[in-house]
Amino acid sequence: MYVNQPTEFWKNIIFVDESKYNIFGSDGKQKVWHTLNTALHIKNLLPTVKYGGGNQLVWGCMESSGVGNLDYIDGTMNKYVYLDILKRNLKQSVRNLGISRHFKLCQYNEKKHTADICKLWVLYHCPGVIKAPAQSPDLNPIEHVWDYLQQKINEHNISNKQELRKHLIEESAKINGSFSAKLIKCMSNRLREVMKCKGCPTRY
């Protein structure tokens, strides 16, 4: 449906998603490229913590001109929390990003996104919706924003959730429009790659 749409079409779409950031690295193993006999150098190691370092779940959005406001999620992310974020954050981010009144919303087809109360709000407040299958990260360019933020967060010596939040906001604010525009420009190629791989992982 969308594979042959021009770049201009994608410039009026706002992509939304959630991501989790841990205070002390990832939930599992991480691989590091290093030169011979440097595996135990400090720069190639991640700190550990006895009772877990905690984490922060965030909601965010992006479009061709930049990244919207991050929203911190504490506790369970359900349809009520998601609806509250849409009401408070989405419309404000749309205004801040300067998207036209004819923007379209692209979100994953998850249960909280398709809950009746959320669908009804979107129906009345979003001019259009891009339908996407559930669990389809290769289709959403905001995944590159999450990855960029993770790389930047790893550069800081973070010891608590307050510091994590602070650095997430600061690093998010540094993302320029050219970074977002490049992601949006490749949308048609991204869709073709997903179709070519028939649901398997892609280079995106």
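In this predicted model, a nonpolar patch on the surface is formed by Leu 120, Leu 123 and Tyr 124, which together have about 390 Å² of accessible area. Leu 120 sits in helix α4. At 49% relative accessibility, Leu 120 counts as partly exposed, because the exposed class takes in values over 50%.

Helix α4 itself runs over residues 116–125, and its buried residues are Cys 118, Trp 121 and Val 122. Looking down the axis of α4, these buried residues fall within an arc of 100°, so they line one face of the helix. As a rule, an α-helix has 3.6 residues a turn, so residues three or four places apart point the same way. As for the buried residues of α4, their cover includes α2 (79–97), β5 (104–106), α3 (111–114) and β6 (128–130).

One of these covering elements, α3, holds Lys 112. This lysine is buried, with a relative accessible area of 15%, and so falls under the 20% cut-off. The side chain of Lys 112 makes a polar contact of 2.5 Å with that of Glu 110. Leaving aside residues up to four places away in sequence, Lys 112 touches Glu 18, Met 77, Asn 78, Lys 79, Tyr 82 and Cys 118. Cys 118 leads back to α4, where this cysteine is one of the buried residues.

Conventions
Residues are numbered from 1 along each chain as its sequence is written. This is a predicted model: local features need pLDDT of at least 70, side-chain atom pairs count only at pLDDT 80 or more; totals for chains, interfaces and linings use all residues. Side-chain values use heavy atoms; hydrogens and water are left out. Buried means under 20% relative accessible area, exposed over 50%, partly exposed in between (1.4 Å probe, protein chains only). Helices (H or I, at least four residues) and strands (E, at least two) are DSSP runs, numbered from the N terminus. The arc is that of the directions from the helix axis to the C-beta atoms. Contact means heavy atoms within 4.5 Å. A polar contact is a pair of N or O atoms within 3.5 Å; within protein, one must be able to donate a hydrogen and the other to accept it, and residues adjacent in sequence count only if both atoms are side-chain atoms. Patches are made of residues with over 30% relative accessible area and no salt bridge: like charges are joined within 9 Å, nonpolar side chains (Val, Leu, Ile, Met, Phe, Trp, Tyr) within 5 Å. Accessible areas come from the Shrake-Rupley method with a 1.4 Å probe; for residues, only the protein chains shown count as cover. A salt bridge is a side-chain nitrogen of Lys or Arg within 4 Å of a carboxyl oxygen of Asp or Glu.
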